[in-house]
Each structure stands twice: as C-alpha cells, then as structure tokens.
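Subject: Structure handover

Hello,

Here is the structure I promised to pass on. My notes on it follow below.

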Amino acid sequence: MNELQTLRLRGIRVIAAIGVACALATLGWGAYLGEYPLAMLMLLLAAGPVWLAMSGNADTLSRCMVGATLPAFAAVLTAMARGSGWIVDMHMTFFAFLAILALLAEWRPVAAATIITAAHHLLLNFAAPLYVFPDGPDLARALFHAVVVLVEAGALIVLCTHLEAFVLGQATKRLKRAEQEESVRAEREAVTQRQRDVLDKVGQRLQALAGGVLDDRIDEPFPDEYEALRLAVNNTSTELQLLVGSVTRAVDGVVTGASEIRSASDDLAQRTERDASSVEQVARTSSGLNTDMRGAANLCQEALEVTQKMKDEVELGQVTIDSVTEAMTRIEGSSSKIGSIVEIIDGLSFQTNLLALNAGVEAARAGDAGKGFAVVAHEVRQLAQRSAEAAASIKTLIAASSDEVDQGTRQVAQMEQVLARIVQNFAAVNTRIEELARSSTQTATEIGGISSAIGKLEVSHQQNAAMVEQSSAAAHALTDLAEDLRVSVGRFGDSAPTHHRRTAMSRAA
Amino acid sequence: MDQKFSSRTAALPLLLQGMMVPVALLAALFYPTTNHPAMLISLTGQSPATAIGWGRAHGAALVGLSIDGRTANLRLSSAGSALAALRSGFLPLAADNGLCTPEGFDS
C-alpha cells in the first residue's frame with residue numbers, strides 16, 4: 001500500500017515538475033508576446049500540484065484534482081499558441097498529459113482528465129471552432145477527437161488498473177514476506193534471547209570461576225539444546241576445583257620444599273663461607289708449612305754440613321786424642337824415668353844421711369873442733385832427710401801421676417772409643433740428617449703440591465660459594481614465587497579441594 | 001486525527017484548484033491575445049462607438065461589429081491589451097470564435 005502511495009506521490013511530483021516547466025515556458029512565451037495573464041494563469045494552475053507534491057498529499061481527491069488540472073495546462077498552452085500556427089501541435093499536449101497520468105496508477109484521474117478534455121473540446125467546438133477547425137464547427141471531427149481521447153483513456157485506465165493491482169499485489173507479497181521475515185526475526189530473537197540467557201548464566205559462572213568461586217554450579221536447567229553446555233560447564237568447574245585442589249597441595253609442597261631448600265641453601269652458604277675461610281686458612285697454613293719445610297730442609301742441609309764439620313772435628317779430635325795417648329805414654333815413660341831418678345835421689349839422700357851421720361860421729365869424736373863440722377853434718381843430714389822426704393813425696397806424686405796417667409790413658413782410650421762411636425754416630429746422624437733433608441725437601445715439594453691443590457680447592461670453594469649464593473638467591477626467588485603462587489591459588493578461597501568428585505559430579509548433573 | 005486535519009487543511013487548496021480549472025478552460029477559450037480580434041463588451045453600458053474610440057486611442061484597429069451591432073470587435077495591440085480594455089470598463093472576449101461576422105464590419 002505504501003509502495004502505491006509512494007508511486008502516486010512520485011507521479012504527482014513529476015506532474016508538478018511538468019507544471020512548473022509549463023509555467024516557466026509560458027512565462028517566457030508570454031514575455032515574448034507581451035502577454036502575461038495566461039502565463040500567470042498557468043502559474044496558478046501549477047501551484048496546486050506543486051503544493052500537493054511538497055505537502056506529500058496524494059489522496060484520491062488530490063489525484064483527481066491533478067488529473068483535472070493537466071488538461072487545463074494543455075488548454076492554456078493551446079490558447080498561448082493561438083494564431084501562431086502551433087495550435088494543432090499544442091493539441092497534442094492533451095494526449096501527452098493524459099498519458100502522463102498513468103504515473104498516478106489510478107483510473108480516476110484519467111477519467112477526470114478525459115472528462116475535462118472532452119468538455120474542453122466540445123466547448124471549443126461550439127464556442128471557438130476556428131481555433132482548431134478552420135472550416136468552422138465540425139461535430140464529426142470533434143467526435144473523432146473524443147473517440148481518440150476515449151480510446152487512449154480506456155487504454156490508460158486498463159493500464160492503471162493493472163498497474164494498481166500489480167503494485168498492490170507486490171505490496172501484498174512484500175507484506176507477507178515482511179510478515180514472514182518478522183516471524184523469522186521474532187523466532188530468531190527468541191533464539192537469541194535464549195542464547196543470551198544461556199551466555200549470561202555461563203558468563204556469570206565463568207566470572208565466578210575467575211573470581212575464585214569454584215564450588216558453585218549452574219543448577220537451573222538450560223533449554224534442551226544448551227543443556228549439554230550447562231553440564232559441560234559444571235563438569236569443568238568440578239574438574240577445575242579438583243585441579244585447583246591438587247595445585248594447592250602441590251603449591252604447599254613446593255612452598256615447603258622451597259623453604260627447606262632456602263634454609264639448606266642458607267646453611268650451605270654459611271658452611272661454604274666457613275669452609276672457604278678454613279680452606280683459606282689451611283692454604284695460608286700450608287703455604288707457611290711449605291716455607292717452614294723448605295726452611296727445615298735448609299736447616300737439615302746446614303745441620304748436615306755442621307755434623308760433617310763436627311765429624312771432621314771429632315775425627316780431628318780423635319787424632320788429637322791419639323796424640324794425647326802417645327803423649328800420655330810418653331808421660332808415663334817420663335814418670336818411670338823420674339821415678340828412677342827419684343829413687344836415685346832417694347838413694348843419694350840415704351847415703352848422704354849416712355855420711356852426715358858418720359860426719360856427726362866423727363865431729364863428736366873431734367870434740368870442739370868438730371863442733372862446727374857437727375853442725376854442718378847435722379844440716380846436711382837435715383837436707384838429706386828433706387831430700388828423702390821430697391823424693392818420697394815426688395815418688396808418691398809420680399806414683400799418683402802415673403796412676404792418673406794410667407787413668408787418663410784409660411780415659412783417653414775410652415774417649416777414643418767414645419769418639420770412634422761418636423764418629424760412627426755422626427755418620428749415622430749424617431745419614432739420618434741427609435734422609436731428613438731429602439724427606440724435608442720431598443715433604444716441602446709435597447706440601448707445595450698440597451698448597452697448590454688447596455689453592456685450587458680454594459678457587460673451587462669460591463666458585464662453589466658463588467654458586468651457593470646464586471642457589472640461595474634462586475631458592476629465595478623460588479620461595480617468593482611459590483608464596484605468590486600460593487597466594488594466587490589461595491584466591492580460589494575455600495573452594496573445597498577436598499570436595500569429593502562424586503559429590504561435585506552429582507551436583508553438576 | 002492527523003488524517004482528518006490533513007484532509008481539512010487540503011480541502012481549501014483543492015477547492016481553489018478545482019475552481020482554477022474551469023477558469024483556466026474559459027480563459028483559454030475567451031481570453032483575447034494581442035494582435036487578435038477581441039469583442040469589447042461594455043461593463044458600464046458604454047456604446048460601441050466609445051469602444052471604437054478607445055480602440056483608436058490605444059492603437060487597436062476595428063475589425064467589425066457584432067451581429068447585433070451592439071458590440072465592437074477590435075484587433076488588440078500591445079498598447080491596447082485586454083487588460084487595458086478591462087481597466088477601461090470593457091470585457092474583452094476573443095472573437096475568433098465566430099461571434100462576429102465580416103458582414104457586420106463597419107469601416
């Protein structure tokens with residue numbers, strides 16, 4: 001229906017445009033001829049269709065009025081052409097305008113235009129036949145014109161009727177199609193609404209899952225085609241709940257393990273630090289020991305040289321002792337000779353004493369003359385006695401000296417034996433010291449190796465300490481991450497990881 | 001309500017348009033154009049001689065008199081147009097319609 005109205009309104013607009021064009025042409029024509037009243041009349045005639053076109057009014061009365069107006073356009077144009085020789089040509093506009101009315105797709109405007117045209121022609125035939133019939137009024141020709149107009153009008157009426165029916169049929173079909181589309185759209189909207197409801201519930205559930213609520217379920221059944229989705233979402237929630245429970249437990253274990261690792265790593269770091277310090281101290285000690293051992297080896301070498309010198313000195317002492325022994329032997333021989341001499345002296349002392357005694361006796365016999373001699377004899381006897389006593393003392397001393405020499409000779413012999421043993425012991429000591437020097441050198445070399453190994457061990461320890469530091473840092477980071485993970489997992493709250501699967505599955509169903 | 005208002009609003013223009021159609025038809029039939037004969041009907045009871053005098057004054061040549069001899073037919077000029085005749089108290093009607101006859105011509 002709207003399509004027909006639109007078509008007719010469009011036709012009115014076309015006719016209004018034709019009216020405006022005719023008015024403008026008439027104005028120009030009137031200006032050329034110096035005649036304006038007919039042009040103004042055309043302008044007034046065109047005002048009606050223009051107003052209808054602008055106001056959008058295309059009802060039946062308006063259409064009929066437009067149909068009646070178009071022949072008036074042709075009549076004015078014909079009047080304008082009066083006396084110009086174009087009057088017959090201008091009559092053709094009646095037929096053209098009549099045909100244009102087919103744009104309105106209605107028989108009534110065509111009929112109105114036909115009536116107006118017929119009235120005009122009849123009036124023209126009787127009132128002004130000379131306009132169109134130079135030979136005067138001719139009813140037969142007027143009737144012929146009327147027949148032509150009627151034939152055209154009949155054809156147009158049939159055409160308009162069919163066009164109206166066609167447009168209405170098309171509109172009806174379109175309406176039915178629109179109704180069907182509306183029905184489909186309504187069905188689609190219903191489906192969309194169901195989908196929206198389902199999606200809202202699923203979305204709410206997913207948001208709850210995202211918010212950590214794992215133990216909730218969609219209890220309200222979905223439409224049949226979406227029920228599987230509800231069960232799937234509930235099963236997913238159950239599985240997710242179990243999974244989160246497992247993850248939570250695993251995270252607890254990870255946190256505990258990470259804490260233990262961190263503690264152990266800290267302890268290991270401390271121990272490594274202490275060990276590094278100890279190794280460093282051992283390295284220093286080893287280095288000092290190495291130095292000491294090298295010093296000891298040097299001392300051994302020096303001791304070896306000293307013992308060698310001492311051995312040489314002892315051997316020299318042994319030679320000296322041999323000389324002492326010989327000297328002692330010679331002293332012993334000299335003592336024996338002294339003893340012999342002392343015995344001779346002692347014998348001389350005895351003989352002197354005897355002589356002195358004899359002299360005294362003789363002096364005594366000599367009386368006073370012999371008195372001086374007796375004193376001298378007495379003195380000689382005293383001297384002989386002191387000489388005997390001195391000889392006896394010397395003899396005693398020589399005997400003691402001989403004993404001492406014997407003892408010294410024995411002691412020298414013992415000393416010689418001791419020195420011999422000392423020399424032997426010096427050789428042994430020398431051997432030992434040589435062995436000790438070799439051993440010290442070897443020990444110093446080995447301690448150098450140990451020191452080098454300890455140096456490498458220290459480097460390795462330092463590297464281990466660095467690795468332990470890294471491990472400790474990694475353990476701390478792991479602990480922090482594990483704590484973060486526990487917090488993240490803890491966001492799922494008290495959603496019972498201990499929920500039994502059977503319970504959850506039954507709820508999901 | 002709007003439809004009724006619209007119909008009422010459109011009634012007057014349609015009525016005017018309906019009146020314009022017969023007016024246009026009649027004007028197309030009887031309006032005398034310049035250089036064409038026109039029958040001057042006195043609206044104030046003036047004589048044909050007055051009309052002829054008016055025609056001479058306005059350059060409109062006398063074509064003839066009406067059959068009854070009471071109306072003058074003149075060929076209107078640009079100076080003596082139909083509107084000028086109307087302003088002078090004459091109703092000019094186109095005279096190509098046989099309302100006048102050559103016999104009535106009065107030179």
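First, a definition: axes are lines fitted to C-alpha atoms, for helices over the stretch in contact, and angles run from 0 to 180 degrees between N-to-C directions. Helices (H or I, at least four residues) and strands (E, at least two) are DSSP runs, numbered from the N terminus.

This is a predicted model, where local features need pLDDT of at least 70, side-chain atom pairs count only at pLDDT 80 or more, and totals for chains, interfaces and linings use all residues. Residues are numbered from 1 along each chain as its sequence is written, while chains are lettered from A and ligands numbered from 1 in the order in which they are written.

**Helices 2 and 3 of chain A**

The axes of helix 2 (residues 37-55) of chain A and helix 3 of chain A come within 10 Å. They cross at roughly 160°. That makes helix 2 of chain A roughly antiparallel to helix 3 of chain A. (Angles under 35 degrees count as roughly parallel, over 145 as roughly antiparallel, 65 to 115 as roughly perpendicular and the rest as oblique.) The crossing of these two helices is left-handed. (Left-handed means that the near helix is turned anticlockwise from the far one by less than a right angle; right-handed means clockwise.)

Residues are in contact if their C-beta atoms, placed from the backbone, lie within 7 Å. On the helix 2 side of chain A, the contact residues include A:Met42, A:Leu45, A:Gly48 and A:Pro49. On the helix 3 side of chain A, they include A:Thr69, A:Phe73 and A:Val76. By class, this contact of helix 2 with helix 3 of chain A has 13 nonpolar, three polar and no charged residues. (Ala, Val, Leu, Ile, Met, Phe, Trp, Tyr, Cys and Pro count as nonpolar, Asp, Glu, Lys and Arg as charged, and the others, Gly among them, as polar.)

**Chain A overall**

Chain A has ten helices and zero strands. Of its 509 residues, 27% count as buried. (Buried means 20 or more other C-beta atoms within 10 Å of a residue's own, exposed means 12 or fewer, and partly exposed is in between; C-beta atoms are placed from the backbone.) Take the contacts in chain A between residues at least 6 apart in sequence: 81% join residues at least 24 apart.

**Helix 5 of chain A and its partners**

Helix 3 (residues 60-80) of chain A packs against helix 5 of chain A at about 35°, with axes 8 Å apart. This crossing of helix 3 and helix 5 of chain A is right-handed. The contact residues of helix 3 with helix 5 of chain A divide into twelve nonpolar, four polar and two charged.

Helix 5 (residues 107-127) of chain A also packs with helix 7 (residues 139-210) of chain A, at about 175° and with axes 9 Å apart. That makes helix 5 of chain A roughly antiparallel to helix 7 of chain A. Among the contact residues are A:Trp107 and A:His121 of helix 5, and A:Leu139 and A:Cys160 of helix 7. The contact of helix 5 with helix 7 of chain A has 14 nonpolar, six polar and no charged residues.

**The cores**

A nonpolar core is a set of buried Ala, Val, Leu, Ile, Met, Phe, Trp, Tyr and Cys residues joined through C-beta atoms within 7 Å. The largest one has 75 residues, of which A:Met42, A:Phe73, A:Val76 and B:Ala24 touch the most other members. Helix 3 of chain A gives the most to this core, with 13 residues. Leaving aside neighbours within four places in sequence, A:Met42 is in contact with A:Cys22, A:Ala23, A:Thr26, A:Phe73 and A:Val76. A second, separate core of seven residues includes A:Val314, A:Ile321, A:Val405 and A:Phe426.

**Two residues to look at**

A:Thr69 lies in helix 3 of chain A. It counts as buried, with 28 C-beta neighbours inside 10 Å. Not counting residues up to four places away in sequence, A:Thr69 touches A:Leu45, A:Gly48, A:Pro49, B:Gln17 and B:Val21.

A:Ala105 is in the loop between helix 4 (87-100) and helix 5 of chain A. Phi of A:Ala105 is near 55°, a positive value in a residue other than glycine. A:Ala105 counts as buried, with 25 C-beta neighbours inside 10 Å.

**Chain B against chain A**

24 residues of chain B are in contact with 32 residues of chain A. Helix 1 of chain B supplies the largest share of the chain B side, 13 residues. By class, that side has 14 nonpolar, nine polar and one charged residues.

Best wishes

Terms used
Contact = placed C-beta atoms within 7 Å.
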